[in-house]
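Q: Take one part of this model and look at it closely. What does it meet, and what comes next along the chain?

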Amino acid sequence: MHELSIAESIVKTVIKEANKRNATEVYRIGLKIGELTDIVNDALEFGFQAIIPGTILENAKLNIENIPLVCLCKDCQKKHEVNRFLFICPDCGGRDLEIKSGNELDIVYIDLEYDDK
Amino acid sequence: MPERVNIKQKVLSENDKFAAQIREALKEHKIPCLNLVSSPGSGKTSLLEHTLKHFKDKIKIAIIVGDVQTENDAVRLSDSGGKIIRPIITGGACHLDAKMINKVFENIDINEIDLLIIENVGNLVCPSSYDLGEDMKVVLISTTEGDDKPSKYPAMFRRSSVMVINKIDLLGMSNFELSKVKENALNINGNLQIIDTSCRTKEGLENWYKFLEQIIEDKKTILE
């Protein structure tokens, strides 16, 4: 259940960014999560909901974009999506694959609300 | 007025900052660092007990040993001759992070060691996400587990450089097939180096020791 630690890291970073900008509320957080991070969206949501009460993220929603695992075959230079974590090139059978996407664990954006003054 | 702010930050940026600090210090002193991971009970501590006894003072090894509770493993390693053993009790957390490592790392005299090994919490999921500043992850699996474990935990086997298969003296006692586990692991990571061992009969341990001597040598000869 490392999703709870991941949720804590997200909340910490977002509070810092929101405070820096004097926001009064964070209402949405855009995330990119790669397939190889072993993070389950539901578990992350669950952990997130458990720790936000009483913070400026209290009403925030997570907008998660899941990023598929894509590799470049070093032998034939072709890019392909990796299915079921079989790191074998479907074109040439090569096994020397470079991960091009799927490792992401990024906060992309935050939607903020300010006091109208 | 609501506003969208693009911040583009890694969720684990704080962890990665500590990991980078540790990696930099180790690089400066040319000390290799392994992050040893496995399920509970595969034999991480046994492997390290043998390693400490084998090298005695010939190679000075510091070990940071993580557990959810108890210092039992740290005691075992000290009893095996380990002089620089630093326990971390996570108190529930299922993995070590670089901030925890950094805290104990500061208390290790890096001039006094040849090798740093981090024995992670027994878990094949969460530790794969946390960079601890290591040169490589070594994943341990034993013949009393399923030979499909690499397929079940692909991230860990993909992110590891070496797989040690332990308890090979028990081959034939279960349905575990050596060729199957290797095939499954290599399908996920074609560059994985594989070492077969038995901590009970000591079979294959010489290959593990050779591997450790090699990484110490390699780190010394890395060009500035």
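**Strand 1 of chain B and what follows**

A: A:Asp106 stands opposite B:Lys10, a residue of strand 1 of chain B. The model is predicted: local features need pLDDT of at least 70, side-chain atom pairs count only at pLDDT 80 or more, and totals for chains, interfaces and linings use all residues. Residues are numbered from 1 along each chain as written, and chains are lettered from A and ligands numbered from 1 in written order.

The partner is strand 6 of chain A, residues 105-113. It pairs with strand 1 of chain B in the antiparallel sense, over 6 bridges (pairing takes at least two DSSP bridges; strands are DSSP E runs of at least two residues, helices H or I runs of at least four, numbered from the N terminus).

Now the whole contact (C-beta atoms, placed from the backbone, within 7 Å). Chain B gives 27 residues and chain A gives 29. On the chain B side, strand 1 (3-10), helix 6 (154-159) and helix 7 (178-188) each give two or more. Strand 1 gives the largest share, 8 residues. The chain B side divides into 13 nonpolar, 8 polar and 6 charged residues.

Next, helix 1 of chain B, residues 13-28. B:Asn15, B:Phe18, B:Ala19, B:Ile22 and B:Leu26 are buried there (20 or more other C-beta atoms within 10 Å; exposed means 12 or fewer). Down the axis of helix 1 of chain B, these buried residues fall within an arc of 100 degrees, so they line one face. The face turned away carries exposed B:Glu24 and B:Glu28. Cover for the buried residues includes strand 2 (33-38), helix 4 (98-105) and strand 5 (115-119) of chain B. B:Lys30 follows helix 1 of chain B, with a positive phi near 55 degrees.

Notes
The expected span of a helix is 1.5 Å times one less than its number of residues. The arc is that of the directions from the helix axis to the C-beta atoms. Two residues are in contact if their C-beta atoms, placed from the backbone, lie within 7 Å. Ala, Val, Leu, Ile, Met, Phe, Trp, Tyr, Cys and Pro count as nonpolar, Asp, Glu, Lys and Arg as charged, and the others, Gly among them, as polar.
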